[in-house]
Amino acid sequence: MVALDVPDAGQALALRDQLGDTVGWFKIGLRLFVAEGPQLVAAIGATHKVFLDLKFHDIPNTVAEAIESAGRLGVDMVNVHAGGGVEMLAAAAKAAEAFPDMLLIAVTVLTSDSMPKEQAAVVALERAQMARDAGLDGVVCSVHEAAAIKHACGPHFITVTPGIRWGDQDLQDQKRVADPAGAIRGGSDYLVVGRPIIKAADPRAAALEAQSMMHSALCL
Ligand SMILES: O=C(O)c1cc(=O)[nH]c(=O)n1[C@@H]1O[C@H](COP(=O)(O)O)[C@@H](O)[C@H]1O
């Protein structure tokens, strides 16, 4: 999944066209959605799967209604923040039942959080179990927590992992990171990559490089 963290539709669509079939999914997050809204979701959704990453975190009723709106947009995946608690997660899951093709995912501990790794592992696992019990399809977590979450929550419980960096790339604000091969070996179902691709001199070449590292891990 490539995070389209760009300011406007022009840049988003140019990246979409340049990356083409090197990626299956695009993630539309706060910056782009606030700027361009549902029209851009429809444009990206015409060619690729869309993960709407707005990390809803509010009272249960408000989040349930936002999930309904996301479902009506026709996105393929949407997320909430597990920090909103079990009642919020359950309300979100109930609202998502009306949209069986849309995956509902909970953010556990942000990959930028400065919490020690051992503590992040415990909190992320607890939140993943809470999300599974509430009826969600999976979680966003770092690669470091993915295997334990799969083990505890079952092989069909989805792990989406941002914080992907390789070679000598700058970590920027990310703390718990791994490279694409490590993510595959760690049990990640979907890798989220933003700046290493969208800010690369040649985004298509960077996407292909990430892909080849994923494939080499799959072949081992
Ligand atoms: O929910 C997310 O997508 C997310 C959760 C998380 O814990 N960490 C995280 O980085 N993300 C998102 O994943 C993307 C990572 O971007 P890069 O750090 O540029 O690769 C950004 O769009 C973040 O908003």
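Reader: Which elements cover the buried residues of α6?

Author: In this predicted model, helix α6 spans residues 143-153, and its buried residues are Val143, His144, Glu145, Ala146, Ile149, Lys150 and Cys153. Residues three or four places apart in an α-helix point the same way, because such a helix has 3.6 residues a turn. The cover over the buried residues of α6 includes α5 (117-134), β6 (138-140), β7 (158-161) and α7 (180-185).

Reader: Which residue follows α6, and what is its phi?

Author: The helix α6 ends at residue 153. The residue that follows α6 is glycine 154, with a positive phi near 105°.

Reader: Which strands are the edge strands of the sheet?

Author: The sheet is open and holds eight strands with parallel pairing, in the order β1-β2-β3-β4-β5-β6-β7-β8. An edge strand pairs on one side only, and this applies to β1 (2-3) and β8 (190-191).

Reader: What is the bridge partner of isoleucine 28 in β3?

Author: Isoleucine 28 belongs to strand β2, which covers residues 25-28. Four bridges join β2 to β3, and the two strands run parallel. In β3, isoleucine 28 is bridged to leucine 52.

Reader: Which elements give two or more residues to the shell around the ligand?

Author: The ligand has 20 residues around it, of which Ala3, Thr111, Pro162, Gly194 and Arg195 come nearest. Two or more residues of this shell come from each of β3 (49-56) and α8 (195-198).

Reader: Which residues does alanine 92 touch?

Author: The largest nonpolar core has 74 residues, and Ala92 is among those that touch the most other members, with Val2, Leu89 and Ile105. Leaving aside residues up to four places away in sequence, alanine 92 touches Val63, Ala64, Ile67, Val80 and Leu104.

Note on methods
Residues are numbered from 1 along each chain as its sequence is written. This is a predicted model: local features need pLDDT of at least 70, side-chain atom pairs count only at pLDDT 80 or more; totals for chains, interfaces and linings use all residues. A nonpolar core is a set of buried Ala, Val, Leu, Ile, Met, Phe, Trp, Tyr and Cys residues joined through C-beta atoms within 7 Å. A residue is buried if 20 or more other C-beta atoms lie within 10 Å of its own, exposed if 12 or fewer, and partly exposed in between; C-beta atoms are placed from the backbone. Two residues are in contact if their C-beta atoms, placed from the backbone, lie within 7 Å. A residue is near a molecule or strand if its C-beta atom, placed from the backbone, lies within 6 Å of it. Two strands pair if DSSP finds at least two bridges between them.
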